[in-house]
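Please open the structure in your viewer and keep the selection tool handy. We will take a short walk through one part of it, stop by stop.

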Amino acid sequence: MAGKFAVGYVSAPAILVLGTLGTVLLYLPWLFKNNLWGELFRRDLIIKFAAVGLFGTALPFLLIFIALNYTTPANSAILNQTEVIYSLFLSALFLKEYPSRRQLTGTALVVCGVVMLLLGEGFSVKLKGDLIILATVWMFQLSHIAAKKLPRDTPDSLIVCARALFGFLWTLPLAAAMAFFGVSFYCKASLRSALILLFIAVFNNLIGNIFWYKAIRNMPLAKATAVMLAYPVFTYIISVCAGFDKFSLMQIFGLALAMGGAYMVTNTIRKEN
């Protein structure tokens, strides 16, 4: 939603550069207090941190923010939920985390709900923005796998800081390359621009990622991804309230399926824990 509200006020490269820089600046007191600057560049951690920043922030979000110039927030959120397909496969391949039958059933319900939402919107995969979104999904899973491969004693906050720092460093050359191809770097001086960047830096890059890494480092990645499949419900509702989308009966039924599937997966996790 923040990315959609940024259209016309803050360009995609500017959101990434300024948003990640803002998060790093917020972490400076914590880094200095705990003397953790060196940890960000430890030889045994830096490659994983760089992968988290590149595939978790720089590449996918840059493309998603560009895609929001052409598609709606609801479509973006819904299409991102195809991530569960990559999650099930890559988690089994690299992390040896295998889904249960109940988890697969719940995930299938969520995917069915997502499909119904797409059909209800009159979705066309030929849309430029939607194709860009679909091209980003696998990147998040590579980032999450790199994070789970980090030593268990690595603080979650350090991972969040590293994701922002390396996301910022990766975004600089990417923004320069995009400027060469005509994607400009701009940020209008307005309260709206400031609030968007503040939201990205504090809630998306910092608070949201702290909760995310606490979750995926203490439970199978595919299950965490399946639970997150419910978030298009809230994105869709906000998108309707903001005037970007409209309600329909098929979409409401799709929302119900998605929520039911996420609840089933969540119940499975609770029983196992």
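Start by colouring α2, α3 and α10 (191-216): in this predicted model, each of the three gives at least two residues to the lining of the largest cavity. Now select the lining itself, which is made up of Ile15, Leu16, Thr20, Thr57, Phe61, Phe65, Ile200, Asn204 and Asn205.

Next, hide everything but α2 (12-34) and α3 (46-67). How do their axes cross? They come within 8 Å and cross at roughly 140°, which makes α2 oblique to α3. The crossing of α2 past α3 is right-handed. To see the contact, select Ala12, Pro13, Ile15, Leu16 and Thr20 on α2, then Thr57, Ala58, Phe61, Leu62, Phe65 and Ile66 on α3. By class, this contact holds nine nonpolar, two polar and no charged residues.

For the last stop, bring the rest of the chain back and look for the second largest pocket, with about 190 Å³ of space. Centre your view on Ser11, Ala12, Asn69, Val183 and Tyr186, the closest to the pocket's centre among its 15 lining residues. Here you meet α2 and α3 again, as the elements that give two or more residues to this lining. Which classes line the second largest pocket? Ten of its residues are nonpolar, five are polar and none is charged.

Key: Residues are numbered from 1 along each chain as its sequence is written. This is a predicted model: local features need pLDDT of at least 70, side-chain atom pairs count only at pLDDT 80 or more; totals for chains, interfaces and linings use all residues. Side-chain values use heavy atoms; hydrogens and water are left out. On a 1 Å grid over the protein atoms alone, a cavity is a set of points where a 1.4 Å probe fits but cannot get out, and a pocket is an open set with protein on both sides within 12 Å along at least five of seven lines; lining residues have an atom within 4 Å of a point. Grid points are joined across faces, edges and corners, and a volume is the space filled by probe spheres set on the points. Helices (H or I, at least four residues) and strands (E, at least two) are DSSP runs, numbered from the N terminus. Ala, Val, Leu, Ile, Met, Phe, Trp, Tyr, Cys and Pro count as nonpolar, Asp, Glu, Lys and Arg as charged, and the others, Gly among them, as polar. Axes are lines fitted to C-alpha atoms, for helices over the stretch in contact, and angles run from 0 to 180 degrees between N-to-C directions. Angles under 35 degrees count as roughly parallel, over 145 as roughly antiparallel, 65 to 115 as roughly perpendicular and the rest as oblique. A crossing is left-handed if the near helix is turned anticlockwise from the far one by less than a right angle, and right-handed if clockwise. Contact means heavy atoms within 4.5 Å.
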